[in-house]
Amino acid sequence: MRMISKKLVIIGAGPVGSYLSIKLKQIGFDDFIILEARDSIGGILRYLKHVDLFHPDTGERIKAFEFLSWLRDEMSRLDVEALTETTAIDIKKGFKIICVNPVNGVMVINAEKVIVATGGKEVNQYDLRIVGSRPAGVFTALLAVKLMDIFGKRIGRNVVIYGHNELVRETIIRAKEMGSNIKYIVTNIPSKEISEEIKKIADEEGIEILDNFIVSRIYGLKRLAGIEVRSLNTTESQKIECDTLVLSHGFMPDLTIINKVGAEIDFNKLEPKRNEYFETTIKNLFVAGLAAQRKIFLEEIFDGTQRLLDRLRTS
């Protein structure tokens, strides 16, 4: 069993974990390692071709894949120590991180501080309180994009998208490329709050937007046959025939590691309890990005990173 010691361990090399590793190097903090369960860094960015983000350093809009390229180049240039294909399976008292790696097998990393940046899980049918059966054909947006990316096939013939974040546009473009028909975009916000990007692509593709509506029920046995949508302003409801529903309502923190180490959870928000510096109820255990807070929009995932860095710099 390999054992190493580091002043800091970052768990998760998605956009936020990777960005934090770069900023730590830039301020002269070298005694850390970043762990990533997948075979490469980047997390969600690896699947996005049409999403724009705000660069956290410059504030400029940048394509997600361009930001991923920047992260990789900077981590390489700064010689960030990263272990890919390495899964943190537990954190013992005193920050003994138990992880597994195909080359080294079981590893124990002793750390003084830990940042959990493991990302989040997509908000699903049950989180949204959509009642009905459990047929095939109901996807979260990132899963839908991943499936189209991996298999090169359409996710369905007639698709309804429910939500209003950046993945709506990504899903529409990918699904149209695969030959799907996008019947509606359903969103629970008023028209004036819908992004111009979504309005533009809906207009270009001739997709009707049902604003101030929710999906209240799904129908179907083996495969989705249709959905019921209900107005938030009136008693109006209607049934829409479709074989695919894509949910694009953002992300909730993945609480797996946080639960194991014993940090307190805010069960109303389903987020780790934390202070203004994103430190949990366990001293020197921090959370970042989608592991810290529920977010609808990807452009918000860097919220709080500067305060976290300030705390590390001074502690």
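**Strands, a serine and a patch**

Mentor: R230 has S237 as its bridge partner in β17. Keep in mind that this is a predicted model.

Trainee: OK. And what stands opposite R230 in β16 on the other side?

Mentor: That's I214. Strand β15, residues 213-220, and strand β16, residues 224-231, are joined by seven bridges.

Trainee: Do β15 and β16 run parallel or antiparallel?

Mentor: Antiparallel. They form a hairpin, with three residues between the strands.

Trainee: How many bridges pair β16 with β17?

Mentor: Five, again in the antiparallel sense. Strand β17 covers residues 237-241. β16 and β17 form a hairpin too, with five residues between them.

Trainee: Let's look at S231. Where is it found?

Mentor: In strand β16.

Trainee: Is S231 buried or exposed?

Mentor: Buried. Its relative accessible area is 6%, and buried means under 20%.

Trainee: What does the side chain of S231 reach?

Mentor: The backbone nitrogen of N233, at 3.0 Å. Leaving out residues up to four places away in sequence, S231 touches N212, F213 and E236.

Trainee: New topic. Which residues make the nonpolar surface patch?

Mentor: M1, M3, I89, V100 and V106. The patch is about 470 Å².

Trainee: Where is V106 found?

Mentor: In strand β8, residues 105-116.

Trainee: Why does V106 count as partly exposed?

Mentor: Because its relative accessibility is 39%, which falls between the 20% limit for buried and the 50% limit for exposed.

Technical notes: Residues are numbered from 1 along each chain as its sequence is written. This is a predicted model: local features need pLDDT of at least 70, side-chain atom pairs count only at pLDDT 80 or more; totals for chains, interfaces and linings use all residues. Side-chain values use heavy atoms; hydrogens and water are left out. Two strands pair if DSSP finds at least two bridges between them. Helices (H or I, at least four residues) and strands (E, at least two) are DSSP runs, numbered from the N terminus. Patches are made of residues with over 30% relative accessible area and no salt bridge: like charges are joined within 9 Å, nonpolar side chains (Val, Leu, Ile, Met, Phe, Trp, Tyr) within 5 Å. Accessible areas come from the Shrake-Rupley method with a 1.4 Å probe; for residues, only the protein chains shown count as cover. A salt bridge is a side-chain nitrogen of Lys or Arg within 4 Å of a carboxyl oxygen of Asp or Glu. Buried means under 20% relative accessible area, exposed over 50%, partly exposed in between (1.4 Å probe, protein chains only). A polar contact is a pair of N or O atoms within 3.5 Å; within protein, one must be able to donate a hydrogen and the other to accept it, and residues adjacent in sequence count only if both atoms are side-chain atoms. Contact means heavy atoms within 4.5 Å.
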